[in-house]
Amino acid sequence: MKTTIKQLLQSTDYNRQAEAKGWVRNRRSSKNVNFITLNDGSTSLNIQIVANENINENILKEINAGACLHVKGTWQASQGAGQAGELVADEIIILGKASPENYPIQPKAHSFEFLRENAHLRSRTTTFGAVFRIRHNLAFAIHQYFHQKGFYYWHSPIITGSDAEGAGQMFHVSTLPHLNPPLTEDKKVDFSEDFFGMETSLTVSGQLEAELGAMGLGNVYTFGPTFRAENSNTSRHLAEFWMIEPEMAFYELVDNMDLVEDFLKYVIKYALDNCVEDLKILDQKFKEEEEKKKKEERAEMGLLEKLQFVVNNPFERLTYTEAVEILLNSPAHKKKKFQYPVSWGVDLQSEHERYLVEKHFKKPVILNNYPKTIKAFYMKQNEGEEVGKETVRAMDVLFPQIGEIVGGSQREEDYDKLLARIKEVGIDPNNLWWYLDTRKFGTAPHSGFGLGFERLVLFVTGMGNIRDVIPFPRTPKNASF
RNA sequence: GCUUUUUUAGCUCAGCUGGUUAGAGCACUUGACUGUUAAUCAGGGGGUCCUUGGUUCGAGCCCAAGAAAAAGCGCCA
(Lines give C-alpha, C1' and ligand atoms only; values in the text may rest on other atoms or scores of the structure.)
Protein backbone atom coordinates (compact mmCIF):
# COMPACT_ATOMS: atom_id res chain seq x y z
CA MET A 1 0.00 0.00 0.00
CA LYS A 2 1.19 3.50 -0.76
CA THR A 3 2.21 5.95 1.93
CA THR A 4 0.27 9.18 1.79
CA ILE A 5 1.79 12.61 2.12
CA LYS A 6 -0.35 13.05 5.22
CA GLN A 7 1.39 10.08 6.85
CA LEU A 8 4.85 11.21 5.78
CA LEU A 9 4.32 14.76 7.08
CA GLN A 10 3.38 13.39 10.50
CA SER A 11 6.65 11.45 10.73
CA THR A 12 9.64 12.79 12.64
CA ASP A 13 11.63 9.68 11.88
CA TYR A 14 14.16 11.55 9.76
CA ASN A 15 17.13 10.51 7.64
CA ARG A 16 15.47 7.50 6.12
CA GLN A 17 14.37 6.48 2.64
CA ALA A 18 10.85 7.60 1.77
CA GLU A 19 8.59 8.08 -1.22
CA ALA A 20 5.84 10.47 -2.21
CA LYS A 21 3.40 10.46 -5.09
CA GLY A 22 1.25 13.41 -5.97
CA TRP A 23 0.53 16.40 -8.16
CA VAL A 24 2.78 19.42 -8.49
CA ARG A 25 1.35 22.64 -7.15
CA ASN A 26 4.39 24.75 -7.89
CA ARG A 27 8.12 24.59 -8.60
CA ARG A 28 10.63 27.25 -7.60
CA SER A 29 14.14 27.15 -8.99
CA SER A 30 17.44 28.79 -8.34
CA LYS A 31 20.82 27.89 -9.79
CA ASN A 32 21.57 24.75 -7.86
CA VAL A 33 18.34 23.70 -6.24
CA ASN A 34 14.66 23.28 -7.08
CA PHE A 35 11.79 23.23 -4.63
CA ILE A 36 8.65 21.37 -5.62
CA THR A 37 5.37 21.71 -3.77
CA LEU A 38 3.56 18.38 -3.99
CA ASN A 39 0.05 17.43 -2.86
CA ASP A 40 -1.76 14.11 -3.05
CA GLY A 41 -5.15 15.05 -1.62
CA SER A 42 -4.62 13.14 1.64
CA THR A 43 -4.28 16.46 3.44
CA SER A 44 -4.47 20.14 2.67
CA LEU A 45 -0.80 20.38 3.58
CA ASN A 46 1.80 20.08 0.84
CA ILE A 47 5.13 18.33 1.01
CA GLN A 48 8.29 20.12 -0.05
CA ILE A 49 10.48 18.16 -2.44
CA VAL A 50 14.08 19.31 -2.72
CA ALA A 51 15.65 18.54 -6.09
CA ASN A 52 19.41 19.06 -6.25
CA GLU A 53 21.90 18.80 -9.15
CA ASN A 54 21.58 15.02 -9.18
CA ILE A 55 18.16 15.33 -10.82
CA ASN A 56 18.40 15.44 -14.60
CA GLU A 57 17.68 18.83 -16.13
CA ASN A 58 15.27 17.37 -18.70
CA ILE A 59 13.20 15.88 -15.91
CA LEU A 60 13.17 19.16 -14.00
CA LYS A 61 11.80 20.92 -17.08
CA GLU A 62 8.79 18.66 -17.08
CA ILE A 63 7.97 19.29 -13.44
CA ASN A 64 5.29 21.92 -13.99
CA ALA A 65 2.13 22.73 -12.10
CA GLY A 66 -0.29 19.84 -12.51
CA ALA A 67 2.27 17.17 -13.37
CA CYS A 68 2.12 13.91 -11.43
CA LEU A 69 5.31 12.72 -9.78
CA HIS A 70 6.73 9.72 -8.00
CA VAL A 71 9.57 10.93 -5.81
CA LYS A 72 12.08 8.65 -4.08
CA GLY A 73 14.53 10.16 -1.63
CA THR A 74 15.49 10.91 1.94
CA TRP A 75 12.98 12.22 4.48
CA GLN A 76 14.78 14.78 6.59
CA ALA A 77 14.33 17.76 8.85
CA SER A 78 13.86 20.85 6.69
CA GLN A 79 16.55 23.48 6.38
CA GLY A 80 13.86 25.99 5.46
CA ALA A 81 11.36 27.64 7.76
CA GLY A 82 8.01 26.79 6.21
CA GLN A 83 7.86 23.10 7.10
CA ALA A 84 9.20 20.59 9.60
CA GLY A 85 10.34 17.93 7.17
CA GLU A 86 11.19 17.73 3.50
CA LEU A 87 11.88 14.99 0.99
CA VAL A 88 15.27 15.33 -0.66
CA ALA A 89 14.92 13.59 -3.97
CA ASP A 90 17.27 10.88 -5.23
CA GLU A 91 15.00 10.07 -8.14
CA ILE A 92 11.94 11.72 -9.66
CA ILE A 93 9.73 9.77 -12.03
CA ILE A 94 7.24 11.76 -14.07
CA LEU A 95 4.04 9.71 -13.96
CA GLY A 96 2.07 12.27 -15.94
CA LYS A 97 3.15 15.47 -17.64
CA ALA A 98 1.05 18.65 -17.63
CA SER A 99 1.69 21.21 -20.34
CA PRO A 100 2.37 24.47 -18.50
CA GLU A 101 0.84 26.47 -21.33
CA ASN A 102 -2.47 24.61 -21.21
CA TYR A 103 -2.96 23.48 -17.61
CA PRO A 104 -5.61 25.85 -16.28
CA ILE A 105 -4.84 25.76 -12.56
CA GLN A 106 -2.11 28.26 -11.77
CA PRO A 107 -0.34 28.76 -8.46
CA LYS A 108 -2.55 31.75 -7.69
CA ALA A 109 -6.06 32.53 -6.55
CA HIS A 110 -8.71 31.67 -9.11
CA SER A 111 -12.32 32.79 -9.05
CA PHE A 112 -14.88 30.17 -8.02
CA GLU A 113 -16.67 30.76 -11.34
CA PHE A 114 -13.54 29.85 -13.29
CA LEU A 115 -12.92 26.75 -11.18
CA ARG A 116 -16.55 25.70 -11.63
CA GLU A 117 -15.93 25.69 -15.37
CA ASN A 118 -12.90 23.50 -14.63
CA ALA A 119 -14.67 21.25 -12.16
CA HIS A 120 -12.75 18.24 -13.46
CA LEU A 121 -9.54 19.75 -12.06
CA ARG A 122 -10.70 21.83 -9.14
CA SER A 123 -10.28 19.08 -6.56
CA ARG A 124 -6.56 19.77 -6.97
CA THR A 125 -6.88 23.20 -5.42
CA THR A 126 -6.45 23.96 -1.75
CA THR A 127 -9.97 25.26 -1.21
CA PHE A 128 -11.81 22.49 -3.03
CA GLY A 129 -9.60 19.81 -1.52
CA ALA A 130 -10.68 21.11 1.88
CA VAL A 131 -14.36 21.33 0.89
CA PHE A 132 -14.51 17.79 -0.45
CA ARG A 133 -12.64 16.27 2.48
CA ILE A 134 -15.11 17.97 4.82
CA ARG A 135 -18.00 16.79 2.66
CA HIS A 136 -16.80 13.22 3.13
CA ASN A 137 -16.40 13.66 6.85
CA LEU A 138 -19.89 15.04 7.23
CA ALA A 139 -21.35 12.15 5.26
CA PHE A 140 -19.46 9.72 7.46
CA ALA A 141 -20.57 11.52 10.64
CA ILE A 142 -24.20 11.29 9.52
CA HIS A 143 -24.00 7.54 9.06
CA GLN A 144 -22.15 7.19 12.36
CA TYR A 145 -24.71 9.27 14.23
CA PHE A 146 -27.68 7.27 13.03
CA HIS A 147 -25.91 3.95 13.39
CA GLN A 148 -25.06 4.74 17.00
CA LYS A 149 -28.69 5.70 17.61
CA GLY A 150 -29.94 2.38 16.25
CA PHE A 151 -31.29 3.75 12.97
CA TYR A 152 -31.13 1.60 9.83
CA TYR A 153 -29.88 2.95 6.51
CA TRP A 154 -32.90 2.49 4.29
CA HIS A 155 -32.48 2.71 0.54
CA SER A 156 -35.48 4.42 -0.95
CA PRO A 157 -35.84 4.08 -4.72
CA ILE A 158 -34.36 6.61 -7.12
CA ILE A 159 -36.83 5.83 -9.88
CA THR A 160 -40.37 6.30 -8.72
CA GLY A 161 -43.85 5.91 -10.10
CA SER A 162 -45.45 8.18 -7.55
CA ASP A 163 -45.91 11.87 -8.20
CA ALA A 164 -47.52 12.37 -4.86
CA GLU A 165 -45.52 14.60 -2.61
CA GLY A 166 -45.63 17.59 -4.90
CA ALA A 167 -42.17 18.62 -3.73
CA GLY A 168 -41.33 19.90 -7.18
CA GLN A 169 -41.18 19.32 -10.90
CA MET A 170 -39.88 15.86 -11.76
CA PHE A 171 -37.45 14.52 -14.36
CA HIS A 172 -39.11 11.85 -16.46
CA VAL A 173 -37.50 8.45 -16.84
CA SER A 174 -38.42 6.71 -20.04
CA THR A 175 -37.03 4.42 -22.72
CA LEU A 176 -39.74 5.35 -25.20
CA PRO A 177 -38.52 7.04 -28.40
CA HIS A 178 -38.51 10.84 -28.19
CA LEU A 179 -39.95 11.11 -31.66
CA ASN A 180 -43.28 9.42 -32.32
CA PRO A 181 -43.78 7.62 -29.00
CA PRO A 182 -46.66 5.13 -28.84
CA LEU A 183 -49.94 6.91 -28.22
CA THR A 184 -53.16 5.91 -26.53
CA GLU A 185 -56.52 6.31 -28.23
CA ASP A 186 -56.86 9.84 -26.84
CA LYS A 187 -53.44 10.83 -28.31
CA LYS A 188 -51.49 10.84 -25.06
CA VAL A 189 -48.13 9.07 -24.61
CA ASP A 190 -48.88 5.43 -23.86
CA PHE A 191 -46.71 4.71 -20.83
CA SER A 192 -48.03 1.16 -20.61
CA GLU A 193 -45.56 0.56 -23.48
CA ASP A 194 -42.70 2.10 -21.46
CA PHE A 195 -39.96 0.19 -19.61
CA PHE A 196 -41.81 0.04 -16.30
CA GLY A 197 -45.26 -0.12 -17.86
CA MET A 198 -46.14 3.14 -16.16
CA GLU A 199 -45.07 6.76 -16.10
CA THR A 200 -41.90 7.07 -14.00
CA SER A 201 -39.64 9.85 -12.75
CA LEU A 202 -36.55 10.47 -10.66
CA THR A 203 -37.39 10.82 -6.99
CA VAL A 204 -38.00 14.23 -5.42
CA SER A 205 -38.04 12.73 -1.92
CA GLY A 206 -37.58 9.38 -0.25
CA GLN A 207 -39.85 10.32 2.61
CA LEU A 208 -42.97 8.35 1.77
CA GLU A 209 -40.91 5.19 1.32
CA ALA A 210 -38.97 5.98 4.50
CA GLU A 211 -42.28 6.07 6.38
CA LEU A 212 -42.96 2.56 5.14
CA GLY A 213 -39.60 1.49 6.53
CA ALA A 214 -40.20 3.14 9.89
CA MET A 215 -43.46 1.20 10.22
CA GLY A 216 -41.47 -2.02 10.38
CA LEU A 217 -37.91 -1.23 11.39
CA GLY A 218 -38.74 1.54 13.83
CA ASN A 219 -36.09 4.11 13.06
CA VAL A 220 -34.67 4.43 9.55
CA TYR A 221 -32.90 7.08 7.49
CA THR A 222 -32.29 7.56 3.81
CA PHE A 223 -29.25 9.26 2.34
CA GLY A 224 -29.34 9.44 -1.39
CA PRO A 225 -29.61 11.59 -4.47
CA THR A 226 -32.74 13.64 -5.06
CA PHE A 227 -33.81 15.35 -8.25
CA ARG A 228 -35.89 18.44 -8.84
CA ALA A 229 -36.54 19.83 -12.29
CA GLU A 230 -37.26 23.30 -10.97
CA ASN A 231 -35.81 26.26 -12.83
CA SER A 232 -34.18 27.49 -9.66
CA ASN A 233 -31.29 29.88 -10.13
CA THR A 234 -29.93 30.56 -6.69
CA SER A 235 -26.81 29.84 -4.69
CA ARG A 236 -28.84 27.41 -2.53
CA HIS A 237 -30.49 25.12 -5.12
CA LEU A 238 -29.33 22.18 -7.20
CA ALA A 239 -31.29 20.04 -9.65
CA GLU A 240 -29.48 16.99 -8.24
CA PHE A 241 -28.68 17.01 -4.56
CA TRP A 242 -28.26 14.58 -1.69
CA MET A 243 -30.82 14.41 1.04
CA ILE A 244 -30.90 12.75 4.44
CA GLU A 245 -34.39 11.73 5.58
CA PRO A 246 -34.74 10.03 8.96
CA GLU A 247 -38.16 8.66 9.83
CA MET A 248 -38.99 7.52 13.36
CA ALA A 249 -41.88 5.51 14.71
CA PHE A 250 -43.33 6.75 18.02
CA TYR A 251 -41.71 10.20 17.69
CA GLU A 252 -43.91 13.21 18.35
CA LEU A 253 -43.01 16.62 16.92
CA VAL A 254 -41.04 17.57 20.04
CA ASP A 255 -38.96 14.38 19.77
CA ASN A 256 -38.35 15.24 16.15
CA MET A 257 -37.08 18.68 17.13
CA ASP A 258 -34.87 17.22 19.86
CA LEU A 259 -33.40 14.78 17.36
CA VAL A 260 -32.70 17.29 14.62
CA GLU A 261 -30.94 19.64 17.00
CA ASP A 262 -28.83 16.91 18.55
CA PHE A 263 -28.06 15.52 15.10
CA LEU A 264 -26.95 18.83 13.57
CA LYS A 265 -24.76 19.62 16.56
CA TYR A 266 -23.19 16.17 16.41
CA VAL A 267 -22.18 16.33 12.77
CA ILE A 268 -20.90 19.90 13.03
CA LYS A 269 -18.91 18.95 16.12
CA TYR A 270 -17.53 15.98 14.20
CA ALA A 271 -16.23 18.32 11.52
CA LEU A 272 -14.71 20.63 14.14
CA ASP A 273 -12.96 17.67 15.77
CA ASN A 274 -11.82 15.88 12.63
CA CYS A 275 -11.28 18.52 9.93
CA VAL A 276 -9.20 21.08 11.80
CA GLU A 277 -6.65 21.78 9.06
CA ASP A 278 -9.26 22.06 6.33
CA LEU A 279 -11.55 24.25 8.44
CA LYS A 280 -8.65 26.59 9.20
CA ILE A 281 -8.04 26.99 5.49
CA LEU A 282 -11.70 27.72 4.86
CA ASP A 283 -11.84 30.04 7.87
CA GLN A 284 -9.05 32.06 6.28
CA LYS A 285 -10.73 31.96 2.87
CA PHE A 286 -13.99 33.05 4.50
CA LYS A 287 -12.22 36.01 6.07
CA GLU A 288 -10.79 37.04 2.69
CA GLU A 289 -14.20 36.80 1.01
CA GLU A 290 -15.82 38.79 3.81
CA GLU A 291 -13.26 41.56 3.46
CA LYS A 292 -14.37 42.05 -0.15
CA LYS A 293 -17.88 42.82 1.08
CA LYS A 294 -19.19 46.11 2.39
CA LYS A 295 -18.98 46.48 6.16
CA GLU A 296 -22.73 46.27 6.77
CA GLU A 297 -22.99 43.04 4.76
CA ARG A 298 -20.22 41.21 6.60
CA ALA A 299 -20.97 38.26 8.86
CA GLU A 300 -20.65 38.92 12.56
CA MET A 301 -18.65 35.77 13.23
CA GLY A 302 -15.79 33.99 11.52
CA LEU A 303 -16.40 30.48 10.23
CA LEU A 304 -14.88 28.54 13.14
CA GLU A 305 -16.47 30.90 15.64
CA LYS A 306 -19.87 30.40 13.99
CA LEU A 307 -19.58 26.60 14.04
CA GLN A 308 -18.56 26.63 17.70
CA PHE A 309 -21.48 28.90 18.48
CA VAL A 310 -24.01 26.57 16.84
CA VAL A 311 -22.63 23.55 18.67
CA ASN A 312 -22.64 25.28 22.06
CA ASN A 313 -25.98 27.11 22.09
CA PRO A 314 -29.55 25.84 22.13
CA PHE A 315 -31.59 26.48 19.00
CA GLU A 316 -34.50 28.87 19.42
CA ARG A 317 -37.86 27.13 19.16
CA LEU A 318 -41.04 29.00 18.44
CA THR A 319 -44.32 28.51 16.68
CA TYR A 320 -45.25 30.02 13.37
CA THR A 321 -47.85 32.11 15.18
CA GLU A 322 -45.21 33.50 17.57
CA ALA A 323 -42.91 34.21 14.65
CA VAL A 324 -45.63 36.18 12.87
CA GLU A 325 -46.16 38.20 16.08
CA ILE A 326 -42.45 39.03 16.24
CA LEU A 327 -42.39 40.01 12.59
CA LEU A 328 -45.48 42.20 12.93
CA ASN A 329 -43.89 43.98 15.91
CA SER A 330 -40.50 44.32 14.23
CA PRO A 331 -39.04 47.68 13.22
CA ALA A 332 -38.56 46.23 9.73
CA HIS A 333 -42.31 45.70 9.42
CA LYS A 334 -43.23 49.05 10.95
CA LYS A 335 -40.85 50.89 8.63
CA LYS A 336 -42.25 48.85 5.71
CA LYS A 337 -38.81 47.39 4.97
CA PHE A 338 -40.25 44.00 4.03
CA GLN A 339 -40.96 43.52 0.35
CA TYR A 340 -43.65 40.97 1.17
CA PRO A 341 -46.28 41.82 3.77
CA VAL A 342 -46.63 39.55 6.81
CA SER A 343 -49.88 38.22 8.15
CA TRP A 344 -51.04 35.01 9.78
CA GLY A 345 -51.52 32.39 7.09
CA VAL A 346 -48.94 33.50 4.55
CA ASP A 347 -45.84 31.46 3.85
CA LEU A 348 -42.83 33.22 5.35
CA GLN A 349 -40.47 34.63 2.74
CA SER A 350 -36.68 34.46 2.80
CA GLU A 351 -36.51 38.02 4.10
CA HIS A 352 -38.73 37.11 7.06
CA GLU A 353 -36.77 34.01 7.92
CA ARG A 354 -33.52 35.93 7.64
CA TYR A 355 -34.87 38.62 9.93
CA LEU A 356 -35.75 36.07 12.61
CA VAL A 357 -32.47 34.17 12.37
CA GLU A 358 -29.94 36.89 11.63
CA LYS A 359 -31.44 39.97 13.28
CA HIS A 360 -33.84 38.92 16.02
CA PHE A 361 -32.50 35.70 17.56
CA LYS A 362 -28.99 35.58 16.01
CA LYS A 363 -28.95 31.80 16.27
CA PRO A 364 -30.50 28.77 14.55
CA VAL A 365 -34.27 28.71 14.82
CA ILE A 366 -36.76 25.84 14.73
CA LEU A 367 -40.09 27.18 13.54
CA ASN A 368 -43.00 24.85 14.17
CA ASN A 369 -46.77 24.42 13.91
CA TYR A 370 -47.42 26.08 10.59
CA PRO A 371 -50.82 26.83 9.03
CA LYS A 372 -52.26 23.73 7.43
CA THR A 373 -52.90 25.46 4.13
CA ILE A 374 -49.25 26.17 3.35
CA LYS A 375 -47.86 22.73 4.21
CA ALA A 376 -47.89 19.24 2.70
CA PHE A 377 -50.84 16.84 2.93
CA TYR A 378 -49.06 14.25 5.08
CA MET A 379 -48.46 16.48 8.09
CA LYS A 380 -50.35 15.80 11.30
CA GLN A 381 -53.20 18.19 11.94
CA ASN A 382 -53.44 19.77 15.38
CA GLU A 383 -56.76 19.36 17.15
CA GLY A 384 -59.30 21.78 18.59
CA GLU A 385 -58.27 24.83 16.64
CA GLU A 386 -60.37 27.73 15.46
CA VAL A 387 -61.73 27.37 11.94
CA GLY A 388 -59.39 29.07 9.49
CA LYS A 389 -56.53 28.90 12.00
CA GLU A 390 -55.78 25.19 11.75
CA THR A 391 -52.13 24.25 12.02
CA VAL A 392 -50.05 21.16 11.33
CA ARG A 393 -47.13 19.74 13.28
CA ALA A 394 -44.46 20.93 10.88
CA MET A 395 -41.01 22.21 11.75
CA ASP A 396 -38.36 23.98 9.70
CA VAL A 397 -34.82 24.53 10.92
CA LEU A 398 -33.49 27.89 9.77
CA PHE A 399 -29.76 28.63 9.72
CA PRO A 400 -28.06 31.97 9.27
CA GLN A 401 -27.02 32.66 5.64
CA ILE A 402 -28.47 29.34 4.45
CA GLY A 403 -32.13 29.74 5.33
CA GLU A 404 -34.12 26.53 5.49
CA ILE A 405 -31.68 23.67 6.06
CA VAL A 406 -34.23 21.14 7.34
CA GLY A 407 -37.92 20.64 6.77
CA GLY A 408 -39.83 18.07 8.77
CA SER A 409 -43.02 17.16 10.57
CA GLN A 410 -44.99 14.70 12.60
CA ARG A 411 -46.96 12.67 10.06
CA GLU A 412 -50.71 12.25 10.00
CA GLU A 413 -51.31 8.71 11.22
CA ASP A 414 -55.11 8.83 11.18
CA TYR A 415 -56.41 7.05 8.09
CA ASP A 416 -59.59 9.11 7.66
CA LYS A 417 -57.93 12.47 8.20
CA LEU A 418 -55.09 11.56 5.83
CA LEU A 419 -57.47 10.33 3.14
CA ALA A 420 -59.59 13.45 3.45
CA ARG A 421 -56.52 15.67 3.14
CA ILE A 422 -55.25 13.73 0.11
CA LYS A 423 -58.55 14.25 -1.65
CA GLU A 424 -58.62 17.88 -0.55
CA VAL A 425 -55.31 18.68 -2.24
CA GLY A 426 -56.38 16.85 -5.39
CA ILE A 427 -54.22 13.72 -5.30
CA ASP A 428 -55.76 10.46 -6.52
CA PRO A 429 -55.76 8.18 -3.44
CA ASN A 430 -55.37 5.15 -5.72
CA ASN A 431 -51.80 6.27 -6.45
CA LEU A 432 -51.02 6.19 -2.73
CA TRP A 433 -52.75 2.94 -1.74
CA TRP A 434 -49.50 1.58 -0.32
CA TYR A 435 -48.95 4.72 1.76
CA LEU A 436 -52.49 4.67 3.07
CA ASP A 437 -52.08 0.98 3.94
CA THR A 438 -49.64 1.89 6.72
CA ARG A 439 -52.45 3.86 8.37
CA LYS A 440 -54.87 1.04 7.78
CA PHE A 441 -52.72 -1.72 9.30
CA GLY A 442 -51.23 -0.93 12.68
CA THR A 443 -50.80 2.80 12.28
CA ALA A 444 -48.47 4.56 14.71
CA PRO A 445 -47.49 8.11 15.52
CA HIS A 446 -44.29 8.93 13.68
CA SER A 447 -42.14 11.83 12.55
CA GLY A 448 -39.24 12.66 10.32
CA PHE A 449 -37.35 15.38 8.54
CA GLY A 450 -35.34 16.08 5.42
CA LEU A 451 -31.90 17.64 5.49
CA GLY A 452 -30.35 19.03 2.31
CA PHE A 453 -26.85 17.61 2.53
CA GLU A 454 -25.26 20.30 0.37
CA ARG A 455 -26.84 23.01 2.50
CA LEU A 456 -25.17 21.46 5.51
CA VAL A 457 -21.85 21.33 3.67
CA LEU A 458 -22.39 24.93 2.58
CA PHE A 459 -22.86 25.98 6.18
CA VAL A 460 -19.92 24.04 7.59
CA THR A 461 -17.47 25.08 4.86
CA GLY A 462 -18.64 28.69 4.77
CA MET A 463 -18.69 28.60 0.97
CA GLY A 464 -21.02 31.05 -0.71
CA ASN A 465 -22.49 28.93 -3.49
CA ILE A 466 -23.96 25.43 -3.29
CA ARG A 467 -22.40 24.61 -6.67
CA ASP A 468 -19.02 24.70 -4.95
CA VAL A 469 -19.73 22.03 -2.34
CA ILE A 470 -20.68 19.16 -4.67
CA PRO A 471 -18.07 17.77 -7.07
CA PHE A 472 -20.13 18.10 -10.24
CA PRO A 473 -23.15 20.36 -9.80
CA ARG A 474 -26.30 19.92 -11.87
CA THR A 475 -28.21 23.16 -12.35
CA PRO A 476 -30.45 24.55 -15.09
CA LYS A 477 -28.44 24.62 -18.34
CA ASN A 478 -25.51 22.77 -16.83
CA ALA A 479 -24.80 19.03 -16.72
CA SER A 480 -21.15 19.06 -17.84
CA PHE A 481 -18.65 16.54 -16.49
C1' G B 1 -39.05 32.23 -14.49
C1' C B 2 -38.39 37.70 -12.69
C1' U B 3 -34.98 42.00 -11.39
C1' U B 4 -30.09 43.97 -11.44
C1' U B 5 -25.11 43.52 -12.86
C1' U B 6 -21.27 41.36 -15.74
C1' U B 7 -18.76 39.31 -20.43
C1' U B 8 -11.62 42.72 -23.06
C1' A B 9 -4.74 38.02 -23.25
C1' G B 10 -4.47 31.31 -20.17
C1' C B 11 -6.25 33.88 -15.14
C1' U B 12 -7.77 38.56 -12.43
C1' C B 13 -8.92 43.16 -14.22
C1' A B 14 -8.16 48.58 -16.26
C1' G B 15 -9.58 50.96 -20.79
C1' C B 16 -11.45 58.61 -19.93
C1' U B 17 -16.44 62.24 -23.77
C1' G B 18 -16.73 57.21 -29.77
C1' G B 19 -10.68 58.81 -32.54
C1' U B 20 -3.84 56.31 -34.63
C1' U B 21 -0.78 50.16 -33.42
C1' A B 22 -6.14 47.83 -26.96
C1' G B 23 -2.98 47.94 -21.52
C1' A B 24 -1.39 46.11 -16.30
C1' G B 25 -0.35 42.22 -12.70
C1' C B 26 -0.02 37.04 -12.55
C1' A B 27 0.79 32.68 -15.75
C1' C B 28 3.94 31.07 -20.02
C1' U B 29 8.89 31.51 -22.35
C1' U B 30 14.43 32.94 -22.41
C1' G B 31 18.23 34.33 -19.14
C1' A B 32 20.32 35.68 -14.12
C1' C B 33 20.49 34.09 -8.95
C1' U B 34 23.98 29.16 -3.29
C1' G B 35 17.67 27.14 0.40
C1' U B 36 12.91 28.83 -1.95
C1' U B 37 7.74 29.20 0.50
C1' A B 38 2.05 31.89 -4.80
C1' A B 39 10.66 33.16 -4.50
C1' U B 40 13.09 37.47 -6.72
C1' C B 41 15.28 40.40 -10.98
C1' A B 42 15.71 41.42 -16.48
C1' G B 43 14.00 40.48 -21.62
C1' G B 44 10.17 38.14 -24.97
C1' G B 45 5.71 36.02 -27.12
C1' G B 46 0.44 36.14 -26.48
C1' G B 47 -6.25 39.50 -28.37
C1' U B 48 -12.78 36.59 -32.75
C1' C B 49 -12.83 43.11 -26.98
C1' C B 50 -19.33 36.94 -25.91
C1' U B 51 -22.38 36.52 -30.82
C1' U B 52 -25.35 38.72 -34.69
C1' G B 53 -27.31 43.04 -36.71
C1' G B 54 -27.51 48.47 -36.65
C1' U B 55 -25.98 53.92 -35.99
C1' U B 56 -21.39 56.60 -37.42
C1' C B 57 -16.23 59.16 -41.59
C1' G B 58 -14.75 55.98 -37.45
C1' A B 59 -17.34 51.30 -32.28
C1' G B 60 -14.01 47.61 -26.93
C1' C B 61 -17.16 52.11 -25.82
C1' C B 62 -23.68 54.01 -28.50
C1' C B 63 -28.53 51.13 -30.02
C1' A B 64 -31.34 46.30 -30.79
C1' A B 65 -31.75 41.06 -30.41
C1' G B 66 -29.59 36.68 -28.58
C1' A B 67 -26.14 33.64 -25.44
C1' A B 68 -23.58 32.72 -20.97
C1' A B 69 -22.26 33.95 -15.86
C1' A B 70 -23.10 36.14 -10.92
C1' A B 71 -26.11 38.33 -6.98
C1' G B 72 -31.05 38.90 -5.16
C1' C B 73 -36.20 37.13 -5.53
C1' G B 74 -39.80 33.07 -6.41
C1' C B 75 -40.10 27.44 -5.82
C1' C B 76 -37.49 24.43 -1.77
C1' A B 77 -33.74 20.97 1.00
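A residue is counted as near a strand if one of its heavy atoms lies within 4 Å of it. In the predicted model examined here, 52 residues surround RNA strand B by this criterion. N26, K108, R116, H237 and R455 are the closest of these residues. Of the atoms of RNA strand B that come within 4 Å of the protein, 52% belong to sugar and phosphate.

The side chain of R116 places an N or O atom 2.4 Å from a phosphate oxygen of RNA strand B. R28 likewise approaches a phosphate oxygen of RNA strand B, with a polar side-chain atom at 2.8 Å. For R455, an N or O atom of the side chain is found 2.2 Å from a sugar or linking oxygen of RNA strand B. Several secondary-structure elements give two or more residues to the surface near the RNA, namely strand 1 (16–29), helix 3 (112–117), strand 11 (240–249), strand 15 (403–410) and strand 16 (446–452). Strand 15 gives the most, with four residues. When the surface near RNA strand B is divided by residue class, 25 residues are polar, 15 are charged and twelve are nonpolar.

The arrangement of the protein chain was examined next. The domain assignment of chain A gives two domains: domain 1 covers residues 5–108, whereas domain 2 is made up of the segments 126–168, 204–315 and 363–468. The centres of domain 1 and domain 2, taken over C-alpha atoms, are separated by 43 Å. Six residues from domain 1 and five residues from domain 2 take part in the contact. About 390 Å² of area is buried between domain 1 and domain 2, and carbon and sulfur atoms give 44% of it. On the side of domain 1 that touches domain 2, four residues are polar, one is nonpolar and one is charged. Two residue pairs are in polar contact across the interface of domain 1 and domain 2, while the count of salt bridges between domain 1 and domain 2 is zero.

Salt bridges were also counted for the model. Side chains of opposite charge can pair when their charged atoms come close. The count comes to 26 salt bridges. One pair is formed by R411 and E247, whose closest N and O atoms are 2.8 Å apart. Because R411 lies in the loop between strand 15 and helix 12 (415–424) and E247 lies in strand 11, the pair ties together parts that are 164 residues apart in sequence.

Definitions and conventions. Residues are numbered from 1 along each chain as its sequence is written. Chains are lettered from A and ligands numbered from 1 in the order in which they are written. This is a predicted model: local features need pLDDT of at least 70, side-chain atom pairs count only at pLDDT 80 or more; totals for chains, interfaces and linings use all residues. Side-chain values use heavy atoms; hydrogens and water are left out. Domain bounds come from an automatic or database domain assignment. Contact means heavy atoms within 4.5 Å. Buried area is the accessible area (1.4 Å probe) that two parts lose on being put together, summed over both. A salt bridge is a side-chain nitrogen of Lys or Arg within 4 Å of a carboxyl oxygen of Asp or Glu. A polar contact is a pair of N or O atoms within 3.5 Å; within protein, one must be able to donate a hydrogen and the other to accept it, and residues adjacent in sequence count only if both atoms are side-chain atoms. Ala, Val, Leu, Ile, Met, Phe, Trp, Tyr, Cys and Pro count as nonpolar, Asp, Glu, Lys and Arg as charged, and the others, Gly among them, as polar.
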